[in-house]
Amino acid sequence: ITDAGVLYTPNGNGSGCDWASIGGTVTGLNGEPLNGFRVRITDAENPDQFQVEVFSGAVVTFGDGGFEYPLGNTPRAGRYDVQLFSSAGAPLSDAYRIVTRDRCEENVAIVTFVQVAPM
């Protein structure tokens, strides 16, 4: 199930429906995984109350260059902005609005960042 570049899938880590997360991968120009990049996840409704950063390559759930941030232990509808940054904190992408879903079949939102120009 996709929506504007986001793939929605059921959780596969053993927690089943008792889970919600935003995850994905970061890949380079030639499809190679890129590790050590910052992925900032911000609550679009309350940006001052919720903002976290995770690093690509820290989670292999989605493959090399993967990242994931658990949102809780139940599927939840929410609006988040997800943006890619260099390891030093320079922005490398626009912020993309991700709308999470409150269904067990769609409790993981997968975002794929693909490099389109040399850095």
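Modeller: We'll take the disulfide, then a sheet, then one threonine.
Modeller: This is a predicted model, where local features need pLDDT of at least 70, side-chain atom pairs count only at pLDDT 80 or more, and totals for chains, interfaces and linings use all residues. Residues are numbered from 1 along each chain as its sequence is written, and side-chain values use heavy atoms, with hydrogens and water left out.

Colleague: How many disulfides does a search of the whole structure find?
Modeller: 1 disulfide, meaning a pair of cysteine sulfur atoms within 2.5 Å. Cys17 is joined to Cys104, S to S 1.6 Å. The two are 87 residues apart.

Colleague: Why is the disulfide called left-handed?
Modeller: The torsion about the S-S bond is about -65°, so the disulfide is left-handed.

Colleague: Now the sheet. What is the strand order?
Modeller: E5-E4-E7-E8, open, with antiparallel pairing. Strands are DSSP runs of at least two residues, numbered from the N terminus. Two strands pair if DSSP finds at least two bridges between them. E5 and E8 are at the edges, each with a single partner strand, so one side of each lacks a neighbour in the sheet.

Colleague: And how many bridges between E4 and E7?
Modeller: 6 bridges. Arg40 has Gln83 in E7 as its bridge partner.

Colleague: Thr100, buried or exposed?
Modeller: Buried, at 6% relative accessibility. Buried means under 20% relative accessible area, exposed over 50%, partly exposed in between (1.4 Å probe, protein chains only). Thr100 lies in strand E8.

Colleague: Which backbone oxygen does the Thr100 side chain reach?
Modeller: That of Arg76, at 2.8 Å.

Definitions and conventions:
Helices (H or I, at least four residues) and strands (E, at least two) are DSSP runs, numbered from the N terminus. A polar contact is a pair of N or O atoms within 3.5 Å; within protein, one must be able to donate a hydrogen and the other to accept it, and residues adjacent in sequence count only if both atoms are side-chain atoms.
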